[in-house]
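Keep the viewer open as you read.

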Amino acid sequence: MNQPQRYIAHFDLDSFFVSVEVIKNPALQHQPVLVGGSSERGVVAACSYAARKFGIHSAMPMKRALQLCPQAIVLPGSYKEYSRFSNRVTEIIALAAPAFQKASIDEFYIDLTGMDTYFNPLQWTIDLRQQIMAATGLPISFGLASTKLIAKIATDEAKPSGYLFVQPGREKEFLAPLPVQKIPGVGKHTLPVLQKMGIHTIHDILQFAPSHLEQKLGKWGQTLHSIANGHYDMPLHESHEVKSISTEQTFSENTTDLLFLEKKLVQMTEKVAYELRQDNLFTACIAVKIRYADFTTQSKQVTIPLTFCDDELIPVAKQLLQTLYSGKQAVRLLGVRLSNLNKYGKPPDLFNATHTKASLYQAIDAVKNKYGNFALRKGRSV
């Protein structure tokens, strides 16, 4: 049986720290901006494209950067804001993507394998990029290819604020003319060895047998040969955001039964609310996700007063479902997600409150802790 064509999208938020600073202060647009430490031993954490024209790059000593561009604007960094923007992007991707990996605060891989049966993976990725940019104001570049590595290299070629699709079967052709240092991992130790061998482009690697490359570079030499052929691949490690609690279910048969969907939704909302209380957390945002038989995905979220209570979350979840679902398309997956989690600074003892509802949930969770999560359930979920 033929394996489905693999499609991996790599999203990179362009000059992420600087882009957030520009959103906060539009006057910084097109200015040589440096984010990082301003002391003698400080380094550049991020720099704008205007600053890069002076030869500045990330991880450069700040002292050297200011020698290259004395008029540069140095900012200490708003790391809470960077985290907030990153979490917002992650939320949008998590609600839309079948599977994704958050590689860093500003970098994401999305696995679209199998989705080409229903729609164009490139157009889907373009649409998601537009959605993120509209919601956050952040510039984004992406590469789309058959492997994570080629998608990442394609993103670098698409920057700033662009995209590039390396069509399946054209991986080797795409890589061939690129400088060998475009391969992640080819740096100050490997590059001189390759240049001494006469290897300057990725195509040049293929002029040598894998065994010869291994003699010079160990196992990394064989890996480079595989990369140059467009064959090297890495698994996608799915991300599970610690900033949210979620659950979803793919049904064994697609369904249009609204009563069935509501029953499952109540079960899932009970489950995530229980997990919320076990972590001594409150939520201020709930989202419902639907994936249809053709893999089209819709989601909707709403901000709510802080709560950990099933009876407050379930009506909101049902309302979101009714808003999203028309009843005409068959549903293959349903999900619930709680985000904007809050511990009020220190984990509060939620159950020492005198409030009757807190005491009730204390009793309910005590039974669940002893006999299992489904020992007590609402009648409508059975």
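Start with α1 and α4: their axes come within 10 Å and cross at roughly 100°. (Axes are lines fitted to C-alpha atoms, for helices over the stretch in contact, and angles run from 0 to 180 degrees between N-to-C directions.) That makes α1 and α4 roughly perpendicular to each other, a label used for 65 to 115 degrees. Helices here are DSSP runs of H or I with at least four residues, strands are E runs of at least two, and both are numbered from the N terminus.

On the α1 side, F16, F17, V20, E21, I23 and K24 meet Y79, E81, Y82, F85 and S86 of α4; contact means heavy atoms within 4.5 Å. By type, the residues of this contact are seven nonpolar, one polar and three charged. (Nonpolar covers Ala, Val, Leu, Ile, Met, Phe, Trp, Tyr, Cys and Pro; charged covers Asp, Glu, Lys and Arg; the others, Gly among them, count as polar.)

## What kind of model this is

This is a predicted model, in which local features need pLDDT of at least 70 and side-chain atom pairs count only at pLDDT 80 or more, while totals for chains, interfaces and linings use all residues. Residues are numbered from 1 along each chain as its sequence is written, and side-chain values use heavy atoms, with hydrogens and water left out.

For the big picture, the protein chain has 14 helices and 12 strands. Of its 382 residues, 47% count as buried, meaning under 20% relative accessible area; exposed is over 50% and partly exposed is in between (1.4 Å probe, protein chains only). Among contacts with a separation of 6 or more, 66% join residues 24 or more positions apart.

## How α1 is covered

Back to α1, which is mostly covered, with seven of its nine residues buried. Those buried residues are F16, F17, V18, S19, V20, E21 and V22. Their cover includes β1, β2, β3 (44-47), β4 (73-75) and α4.

## The main core

The largest nonpolar core has 38 residues, and F11, F16, I93, I110, W124, L128 and I132 have the most contacts inside it. (A nonpolar core is a set of buried Ala, Val, Leu, Ile, Met, Phe, Trp, Tyr and Cys residues joined through side-chain atoms within 4.5 Å.) At least two residues each come from β1 (8-13), α1 (16-24), β2 (33-36), α4 (79-96), β6 (107-111), α5 (121-136) and β7 (140-145). The most come from α4, which gives seven.

Which residues does I132 contact, leaving aside neighbours within four places in sequence? They are F11, V89, I92, I93, G137 and I140.

D111 sits in strand β6 and counts as buried at 19% relative accessibility. Beyond residues up to four places away in sequence, D111 touches R6, Y7, I8, P98, A99 and L236.

S161 lies in the loop between α6 (148-158) and β8 (163-165). With a relative accessible area of 36%, S161 is partly exposed. Skipping residues up to four places away, S161 touches D14, R129, P139, I140 and S141.

## Cysteines

A search of the whole structure turns up zero disulfides, a disulfide being a pair of cysteine sulfur atoms within 2.5 Å. C47 is buried at 3% relative accessibility, and C69 is buried at 0%.

Note on methods
Angles under 35 degrees count as roughly parallel, over 145 as roughly antiparallel, 65 to 115 as roughly perpendicular and the rest as oblique.
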